[in-house]
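Dear colleague,

Please find below the structure that I am handing over to you.

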Amino acid sequence: MRELKESYDIIVVGAGPGGSCSAYASSKLGAKTLLVEKSQEIGEPVRCAEAIPGLENLGIELDSSFIRSEVNGGYIFTPSGRKILVESDKAKGYVVERKIFDKYLAIRAANAGAKVAVKSNVVGLERDGDEWLVDIEYLGEIYKVRSKIVIAADGVESNIAEYAGLRSKKKPLEVCSCAEFEMVNVELIDKNKLEFYFGNEIAKGGYAWIFPKGDAANVGLGVRDKKKKAINYLYDFLENELVRDRLKNATPIELKVGGAPVSGPIEKTYTDGLLVVGDAAGQISPLTGGGIYLAMDCGLIAGEVAGEAIKNKDWSEEFLKTYEERWKEKYYNMLMNHLKYRKVLEKLSDDEIEELAEVIGEKLEDIDLKKFAKKILMRPKLLKYFKDFVF
């Protein structure tokens, strides 16, 4: 492949949303950029529930080719079936077809000037002066491709950051195992609402979901459990009394599996000539497991900083730290708060989940901490979990 016989200013590893947005932003600034993807088709395999908030905020032109459903809120269900309506601007967004959406983002990067190499796997990385020699395997042959900057957007299983000396590997229980069927003939409560189901029997350490997707629906869950596999939780969920009547005529047309890192961001996302983006960086909500929007926005920041570094002929750690400063200013506090919330929720028994639902009431918008604190003070079972939030 001729793209692997050249040298580049920037090599982006991984053509998911974060990587493609990085390549787009760096190319727009005139940096010679290569986007490397190990799969033979960008967008495959799909490993998530495909819901994304606020695409308009990222400059994405909405296209019917990848938008499957528009959502304006959701419902949270407790183990007993108590229902809470979720309504806020943060709950508005879209369910997309990732196979089309990811390719759309890669095409956008290519149209901005990036070169793309598919079925190309980065298997090594070494410094050569102030540049990188990137070992890329393509059809059984190893190519050494020179680059000034590498952007690691290679997902939860990231090796690139580790090659560069940054710690990115996750322990097993720091990753939520996910399994999902895309199904047809699902009876939805509301075609514009997401559904979330909580309970230790339903999805230990996580939650189950039903997301409308045009004429289909994504029915899946994420769990953190050493003893029982996500796919077995999913089979049980399909027969759960809360949903089985609405799924009795449903049939799967696709099975998707994957993992979501839910331990918060990694300690450091930059070093000399290298930036880390998306799931590889832990830029994903530890509470919801949602990370597409974050990966895209942080990818744009990474691409901009890398492009500016090339313009300034300075891709040192000192220059590239601007990337971490910028993304942390926007998202770090939110991610760490979500991590705290997740650690509380995973400790709750099903009875305590029911009691928390009583405190929240029938409708959840943005939580008013003062009102929440007053109600929690009257619930001794819950107070021990939430005292750090209300005092």
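The model is predicted: local features need pLDDT of at least 70 and side-chain atom pairs count only at pLDDT 80 or more, while totals for chains, interfaces and linings use all residues. Residues are numbered from 1 along each chain as its sequence is written, and side-chain values use heavy atoms, with hydrogens and water left out.

Helices (H or I, at least four residues) and strands (E, at least two) are DSSP runs, numbered from the N terminus. Strand S12 (residues 175-184) is largely enclosed by the rest of the structure, because eight of its 10 residues are buried; buried means under 20% relative accessible area, exposed over 50% and partly exposed in between, with a 1.4 Å probe and protein chains only.

Two strands are taken to pair if DSSP finds at least two bridges between them. S12 pairs with strand S16 (residues 251-261) in the antiparallel sense over 10 bridges, and Cys-178 stands opposite Gly-258 in S16. S12 also runs antiparallel to strand S15 (residues 216-223), to which eight bridges join it. Here Val-184 has Ala-216 of S15 as its bridge partner.

Rings of Phe, Tyr and Trp (its six-membered ring) pair if their centres lie within 6.5 Å; planes under 30 degrees apart count as stacked, over 60 as edge-to-face and the rest as tilted. By this rule there are 12 aromatic pairs. One of them is edge-to-face: the ring centres of Phe-66 and Phe-101 are 5.0 Å apart, with the planes at 65 degrees. Phe-66 lies in the loop between strand S3 (51-53) and strand S4 (67-72), and Phe-101 in helix H2 (residues 98-111), so this pair ties together parts that are 35 residues apart in sequence. Phe-66 is buried, at 0% relative accessibility, and Phe-101 is buried with a relative accessible area of 0%. Phe-101 and Tyr-104 form a stacked pair, with centres 6.4 Å apart and planes at 15 degrees. Elsewhere, ring pairs link Phe-196, Phe-198, Tyr-207, Trp-209 and Phe-211 into a cluster.

A charge sits over a ring if NZ of Lys or CZ of Arg is within 6 Å of the ring centre and within 35 degrees of the ring normal. Lys-83 lies over the face of Tyr-75, at 4.9 Å from the ring centre, and Arg-127 over that of Trp-132, at 4.5 Å.

With kind regards
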